[in-house]
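Open the model in your viewer and keep the sequence panel in view. The stops below are meant to be taken in order.

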Amino acid sequence: MKFSELAHEETKELWQSSKNHPFIKGIENGTLPLSAFKAYLLQDNFYVQNYLAIYDKILSTTDDNKIIQELQSGILAINDYDVTQQKNIYKQLNITEKNIHETHMLPTTYHYICHMHHAFNEYNEIHALSALLPCPWLYLEIFEEMLARKNYLQGSEQIYIDFIESYADSNFQKYVHKMIALLDDLVANRFNEIQSDILLQQFVYSSAEELRFWQMTLLPEQWEKYSIAQSF
Ligand SMILES: Cc1ncc(CO)c(N)n1
């Protein structure tokens, strides 16, 4: 079994929880309050910047030509699908530079970002790529399934319709499939540099963080009022 197949199997439940999440259902039927979407985008700005920073760290340290080639085209894809798209949505939602500067990272954003940097700093580029893969792969799966159901077309928010169609787009799909193949190749060819259990953990942890990411702005998370158990 390829690593990607194993990782996908291991995270089925977490991914299903993301697919069923009220935030995702709200994007599909158009009922997600724009304020929640705005808050999500402001957090995602931190996330995407750090995602690109890890690509840069890998590119400036690796001597693996296949990684260099795929990450360079990956950066272009992220610029198209995440950065440019977000800038357009920011304009439509009147999100200003001031709003961006005034935003603080919420706990899940912080933890997810630390997890990805940790995978690179404590292990290596292959472990980092495992931590980075659920991000585009989960989005592709969520929004491809939405596209196929077509229910989202009845929603009244054009922003959500565009958002779904962008992440289900065939070029984004090509990028994701390349990243999956890249990781599987690395696992097969550089197996002596990999700690298999940790590699799988990196993927599972990111899948859990993806689920928390939807939840974060709905709760909303606050550092000052950290959620605690209500009872035994
Ligand atoms: C948190 C998160 N996961 C995945 C993506 C998709 O690239 C994104 N923009 N943000």
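**Around the ligand**

Select the ligand, then D44, Y47, V48, D82, C135, P136, Y139, E210 and F213, the residues around the ligand. The model is a predicted one. Now colour helix 4 (34-61), helix 9 (134-149) and helix 12 (196-216); each of these helices supplies at least two residues of the shell. Sorted by class, the shell has six nonpolar and three charged residues, and no polar ones.

Then centre on A128: leaving aside residues up to four places away in sequence, A128 touches I54, I58, M116, A119 and F120.

**Backbone stops**

Most residues other than glycine have a negative phi, and most peptide bonds are trans.

Go to the loop between helix 5 (65-92) and helix 6 (97-102) and select N94. N94 is exposed, because 8 other C-beta atoms lie within 10 Å and the limit for exposed is 12 or fewer.

K150 sits in the loop between helix 9 and helix 10 (158-167). With 8 C-beta neighbours inside 10 Å, K150 counts as exposed.

Finish in the segment after helix 12, where P220 is found.

Key. Residues are numbered from 1 along each chain as its sequence is written. This is a predicted model: local features need pLDDT of at least 70, side-chain atom pairs count only at pLDDT 80 or more; totals for chains, interfaces and linings use all residues. A residue is near a molecule or strand if its C-beta atom, placed from the backbone, lies within 6 Å of it. Helices (H or I, at least four residues) and strands (E, at least two) are DSSP runs, numbered from the N terminus. Ala, Val, Leu, Ile, Met, Phe, Trp, Tyr, Cys and Pro count as nonpolar, Asp, Glu, Lys and Arg as charged, and the others, Gly among them, as polar. Two residues are in contact if their C-beta atoms, placed from the backbone, lie within 7 Å. A residue is buried if 20 or more other C-beta atoms lie within 10 Å of its own, exposed if 12 or fewer, and partly exposed in between; C-beta atoms are placed from the backbone.
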